[in-house]
Amino acid sequence: MRKLGLSLLVFLGVVACKTNPFTGQRTLNFYGNQQIFPMAFAQYDQFLSENNVITGTTEAQMITNVGQRIATAAERWLDANGFPGYLNDYKWEYNLVKDETVNAWCMPGGKIVFYTGILPICQGEAGIAVVMGHEVAHALADHGAQRMSAGTLQQIGAVAGNVAIQDPQKRNMFNQAYGIGSQLGIMLPFSRSHETEADKIGLQIMAIAGYNPDEAAELWKRMKANSGGQAPPEFMSTHPSNDTRINNLTAWAPEAKQEAAKFGVTSFK
């Protein structure tokens, strides 16, 4: 067990191996682009082949146009802040899928899907930019790889506990406590921190792209109204509460405008 413990300590000591360019913080990420991007691209292509992708419409074109503007703004920010070439491995793609789910998502490497169900909440180009900025930010900050890394560590902790505990009854008690504790105490807060980080990064890059960051809080007010108060308590959710997001985005909007001004952007859509 001592050797196992030492091995785990060494492993844990080297996992935080990449710096988030937007925060300057070392991140929990031991999956490189060459490992995770091909898997993500393949899964994305499979998803598109199995779903109703909308092309040739005004809305589909708007999704692509907004995505391209946001990605260009991100590249401008990265180049200006000492990260040229950061996006070399990214293969941006933006697709609108017919589905009434109020959602959008991004896979590692820049593969983004908008569901038609979120478009009425967006209410136009600026609202789409809010959602797009958030999704692009997930890709920029390597949140997919970080979630995989955290899941791997969670599994290692479970295995170590089961190896160390010989008594079957105590092992069952450990597994129940570990499952609930690691989910509520580690994995869910980890996920919420990613959502908050993506909100802040997304707000800045949408502003640099020329979209009004004040629209972000307004979109989340509409999301709150659409939910009808059915959201779970924040501590049990993968996402911050609607009220938390509204308050954060309202507070961050002036800072996003200041960041955009550094790139000569002082008026917004």
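Reply: Of the 269 residues in the protein chain, 45% count as buried (buried is under 20% relative accessible area, exposed is over 50%, and partly exposed lies in between, with a 1.4 Å probe and protein chains only). Keep in mind that this is a predicted model: local features need pLDDT of at least 70 and side-chain atom pairs count only at pLDDT 80 or more, while totals for chains, interfaces and linings use all residues. Residues are numbered from 1 along each chain as its sequence is written, and side-chain values use heavy atoms, with hydrogens and water left out.

The chain has nine helices and six strands (DSSP runs numbered from the N terminus: H or I over at least four residues for helices, E over at least two for strands). Let's zoom in on the open sheet. Four strands make it up, in the order β3-β4-β6-β5, with mixed pairing (two strands pair if DSSP finds at least two bridges between them). Its edge strands are β3 (53-54) and β5, each pairing on one side only.

Start at β5, residues 104-107. Both of its faces are covered: A104 and C106 are buried on one side, W105 and M107 on the other. Four bridges tie β5 to β6 (residues 111-115) in the antiparallel sense, and W105 has V113 as its bridge partner in β6. Three residues lie between the two strands in this hairpin, where G109 takes a positive phi near 90°.

Now step from β6 over to β4, residues 93-97. These two run parallel and are joined by five bridges; E93 stands opposite K111 in β6. Helix α2 (residues 33-49) packs on the sheet and touches β3, β4, β5 and β6, and its direction makes about 30° with that of β6. Contact here means heavy atoms within 4.5 Å; axes are lines fitted to C-alpha atoms, for helices over the stretch in contact, and angles run from 0 to 180 degrees between N-to-C directions.

What about the greasy bits? The largest nonpolar core has 58 residues, and F114 is among those with the most contacts inside it, along with I63, I70, M132 and L140 (such a core is a set of buried Ala, Val, Leu, Ile, Met, Phe, Trp, Tyr and Cys residues joined through side-chain atoms within 4.5 Å). A second, separate core of nine residues includes A40, L48, V97 and V113. In soluble globular proteins, nonpolar side chains tend to be buried together.

One last stop, to see what L140 is up to. Skipping residues up to four places away in sequence, L140 touches F22, A74, L78, Y86, L87, Y90, W92 and I205. A74 lies in helix α3 (residues 58-80), and because its relative accessibility is 0%, A74 counts as buried. Leaving aside neighbours within four places, A74 is in contact with L140 and I205. A74 and G133 are 59 residues apart in sequence, yet 9.2 Å apart in space, C-alpha to C-alpha.
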